[in-house]
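This briefing concerns the protein chain displayed below. It is arranged by topic for reading alongside the coordinates.

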Amino acid sequence: MKCNVCNSKLIFIFTKKVLYKYDVDYFQCSNCQFIQTQSPYWLKETYKNNTLGVLDVGAVNRNVLMVEISERIINALFPSASKFLDFGGGTGLFVRMMRDKGYNFYRQDKYSENIFAKYFDINDLKDFTKFDLLTAFEVFEHFENPIDEINNMLLLSDSLLFSTELQPENNIEDWWYFVAEEGEHISFYSIETLREISNRLNCFFFTDGSSIHFLTKRRFPIDNKKFKRILFPLRIVVYRKLIEKLFLCKHRRQKRQSLIKKDFNYIKSKLNSSNQ
């Protein structure tokens with residue numbers, strides 16, 4: 001096997017139990033650090049009944065966050081853009097939310113049913129030129145052949161705003177993002193991986209260093225520092241801290257933590273016990 005990104009030598013790193021029954025080997029590229037599974041023969045079984053895994057408890061919160069981020073990116077870099085595509089858009093919730101805000105988004109997804117964005121699917125467009133911006137949130141980790149998939153996306157738009165978690169520096173084997181219980185995630189990226197992809201596809205690359213990334217063939221007057229400021233404006237950070245200082249300190253008992261992580265671990269334990 002060779003790396004699915006740069007075709008370099010792969011190094012075996014560990015084996016995980018996928019779908020509670022398949023011993024699957026994971027490999028890391030010696031050059032770009034890309035992590036991939038062995039050939040994912042189990043994918044048809046994975047997607048057979050449910051395209052949204054039960055462990056994806058952050059799906060709604062993610063859509064809310066990505067709406068905010070996409071709105072900032074479009075307003076800053078694509079102020080006169082007229083048409084957008086959400087690639088791998090699932091139920092269409094993100095598209096519906098962006099359309100509610102006045103952004104002419106369409107949905108694409110060959111696996112999931114379109115529930116919230118009916119009549120605004122890419123298949124509803126009789127003819128179209130390229131989209132001004134393509135979004136793809138939590139999609140890249142599903143790609144078996146990332147270069148081919150991203151090349152196809154660049155045929156639809158010169159600019160890709162996407163999310164995928166970057167590999168942690170330590171304890172990689174315990175990383176929650178593998179989600180081997182559901183078997184959908186088969187590709188895992190580092191910053192070096194995304195830079196390698198950018199170079200191979202002749203794109204500019206920007207990242208928040210964590211999970212939000214931007215690949216584009218267009219030249220924008222920004223550097224990575226300014227990209228981060230667009231994603232997370234200083235005024236919002238200051239405003240939130242001010243609110244916490246003025247309000248939450250007086251009502252600390254009312255400050256609640258998200259249950260997403262707790263729910264993820266709870267559902268995972270239930271799945272583990274039922275599959276033993």
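In what order do the four strands of the open sheet stand? The order is β1-β2-β3-β8, with antiparallel pairing. The model is a predicted one. The protein chain contains eight helices and 10 strands. The points below take up the sheet, the overall dimensions, the nonpolar cores, the salt bridges and the cysteines.

**The open sheet**

- Strand β2, which spans residues 22-29, pairs with β1 in the antiparallel sense, and eight bridges link the two.
- Within this pairing, Lys16 is placed opposite Val24 of β2.
- Thr37 belongs to strand β3 (residues 35-37). With a relative accessibility of 4%, Thr37 counts as buried.
- When neighbours within four places in sequence are set aside, the contacts of Thr37 are Met1, Val24, Asp25, Tyr26, Phe27, Trp42, His185 and Ile186. Val24, one of these contacts, is also the residue that faces Lys16.

**Overall dimensions and packing**

- The radius of gyration of the protein chain is 20 Å. A compact globule of 276 residues would have a value near 19 Å, so the chain agrees with that expectation.
- Taken along the principal axes, the C-alpha atoms fill a box of roughly 50 × 50 × 40 Å.
- Of the 276 residues, 46% count as buried.
- Among contacts between residues at least 6 apart in sequence, 60% join residues at least 24 apart.

**Nonpolar cores**

- In soluble globular proteins, nonpolar side chains tend to be buried together.
- The largest nonpolar core comprises 34 residues, and Ile150, Met153 and Ile197 have the most contacts inside it.
- At least two residues of this core come from each of β2, β4 (84-87), β6 (133-137), α4 (146-156), β7 (159-163) and α5 (191-200). Helix α4 gives the most, with five residues.
- Met153 touches Phe87, Leu134, Ala136, Phe140, Phe143 and Leu160, where residues up to four places away in sequence are not counted.
- Another core, of 25 residues, lies apart from the largest one; among its members are Ile73, Phe105, Phe137 and Phe220.

**Salt bridges**

- Side chains of opposite charge can pair when their charged atoms come close.
- The model has 10 salt bridges, and three of them are described here.
- Lys17 and Asp23 form a salt bridge through their side chains, at 2.9 Å from N to O. Lys17 is partly exposed, at 45% relative accessible area.
- Glu68 and Arg72 form a salt bridge at 3.4 Å from N to O. These residues are four apart in helix α2 (residues 59-77), so about one helical turn separates them.
- Arg96 and Asp100 form a salt bridge at 2.9 Å from N to O. Both residues lie in helix α3 (residues 93-100), four apart, which is about one turn of the helix.
- Arg96 counts as partly exposed at 28% relative accessibility, and Asp100 counts as exposed at 57%.

**Cysteines**

- How many disulfides does the model contain? The count is zero.
- Cys32 takes part in no disulfide; its nearest cysteine sulfur, that of Cys3, is 3.8 Å away.
- Cys32 is buried, with a relative accessible area of 1%.
- The sulfur of Cys203 is 16 Å from the closest cysteine sulfur, which belongs to Cys32, and this is too far for a bond. Cys203 is also buried, at 10% relative accessible area.

Methods: Residues numbered from 1 in each chain as written. Predicted model: local features only at pLDDT ≥ 70, side-chain atom pairs only at ≥ 80, totals over all residues. Heavy atoms only, no water. Pairing = 2+ DSSP bridges. Salt bridge = Lys/Arg side-chain N within 4 Å of Asp/Glu carboxyl O. Buried < 20%, exposed > 50% of the residue type's maximum accessible area, 1.4 Å probe, protein only. Disulfide = S-S within 2.5 Å. Contact = heavy atoms within 4.5 Å. Core = buried A, V, L, I, M, F, W, Y, C linked by side-chain atoms within 4.5 Å. Rg over C-alpha atoms; globule rule 2.2 N^0.38 Å.
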